[in-house]
Amino acid sequence: MFLRHSHPVVHPDPAVTAPAAQGQGPVAAAPAAVAQAQGPVAPAPAAVAQGQGQGQGQGQAAAQAAQAQGHGPAPAPAAAAQGANANGNTPPPGVLMVDPRGAPGTRWGLAARLAQALLAAAAVAFMASTDDFRTLTAFRLLVAAESLQCLWSLALAAVDVYALLVKRSFRTPRATTIYSTGDWVTGALSFAAASGSAAMTTLINNDLLLCSENHCPTYMAATAMAFLSWFAIAPSCVINLWAAVYSVQRA
């Protein structure tokens with residue numbers, strides 16, 4: 001006897017096969033039970049097409065009614081999510097502080113630092129070209145103050161170059177406080193030294209009439225460079241103080 005493939009056996013409803021167990025013979029399963037065993041029957045193509053047509057007609061009628069009432073069609077979920085993300089990534093106005101001209105990390109700030117360093121170096125060079133400036137305390141103070149000013153401005157100029165290369169700005173309270181304190185200290189020393197040198201130059205030139213025996217033109221040139229250096233650092237003092245106060249208040 002040849003082997004045959006086995007077929008799955010569909011067990012009929014016990015309520016329907018009950019008469020067969022009593023000797024009446026096999027009875028066909030009920031149509032409902034057969035349909036349940038076979039699974040859902042796909043609708044006819046004509047019925048499906050008719051249902052889709054009715055659904056599209058109802059959707060168009062609803063859209064026309066919404067437009068007639070003044071309500072536009074609802075945006076797609078993807079477009080709505082994209083718009084929400086775009087609005088969420090955009091910073092609200094008035095939160096970020098715009099860097100003013102001359103602030104640390106800007107081109108104008110770098111130009112101001114270079115101007116301060118050059119003027120301070122010029123004052124030191126003019127005063128050091130004489131051989132008798134060490135005899136007066138005011139001139140020694142001028143050389144010391146302008147040397148400190150030149151070093152401070154060159155250091156901040158290097159920091160500004162780095163900030164411009166990496167495209168970053170200095171808005172932290174600690175950084176702005178350090179810049180403001182350093183500018184005010186060096187600016188005060190420069191102004192005091194320039195004022196003292198101007199007083200001594202006026203005394204030698206007008207009161208003692210000893211310019212012929214001293215280097216009065218060189219002293220005057222060094223004093224003028226010191227005042228110009230102070231004028232160059234004054235805007236940085238004001239801007240950095242305002243930035244420091246703003247950063248501390250926002251912290």
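Residues 184–204 form a span that is 100% helix and 0% strand, with its end C-alpha atoms 30 Å apart, where helices (H or I, at least four residues) and strands (E, at least two) are DSSP runs numbered from the N terminus. Residues 224–248 are likewise 100% helix and 0% strand, and their end C-alpha atoms lie 36 Å apart. Both spans carry the annotation "transmembrane region" in an unreviewed UniProt entry, which also lists residues 110–129 and 141–163; UniProt positions are given in the numbering used here, feature names are shortened, and such annotations may be inferred rather than shown by experiment.

The model is predicted, so that local features need pLDDT of at least 70 and side-chain atom pairs count only at pLDDT 80 or more, while totals for chains, interfaces and linings use all residues. Residues are numbered from 1 along each chain as its sequence is written, and side-chain values use heavy atoms, with hydrogens and water left out.

The chain has eight helices and zero strands, and its elements run α-α-α-α-α-α-α-α from the N terminus on. Among contacts (heavy atoms within 4.5 Å) between residues at least 6 apart in sequence, 78% join residues at least 24 apart. Of the 251 residues in the chain, 25% are buried, a class defined as under 20% relative accessible area, with exposed being over 50% and partly exposed in between (1.4 Å probe, protein chains only). The chain exposes about 16,800 Å², of which carbon and sulfur atoms supply 66%; accessible areas come from the Shrake-Rupley method with a 1.4 Å probe, and for residues only the protein chains shown count as cover.

The table lists individual residues.

| Residue | Relative accessible area | Class |
|---|---|---|
| C150 | 16% | buried |
| C237 | 6% | buried |
| T223 | 6% | buried |
| Y162 | 52% | exposed |

T223 is placed in helix α8 (residues 216–250), and, leaving aside its neighbours within four places in sequence, T223 is in contact with A194, S197, A198 and T201.

Y162 belongs to helix α6 (residues 137–166) and, together with V161, L165 and V166, makes a nonpolar surface patch of about 400 Å². Patches are made of residues with over 30% relative accessible area and no salt bridge, joining like charges within 9 Å and nonpolar side chains (Val, Leu, Ile, Met, Phe, Trp, Tyr) within 5 Å; a salt bridge is a side-chain nitrogen of Lys or Arg within 4 Å of a carboxyl oxygen of Asp or Glu.

With a disulfide taken as a pair of cysteine sulfur atoms within 2.5 Å, the count comes to zero disulfides.
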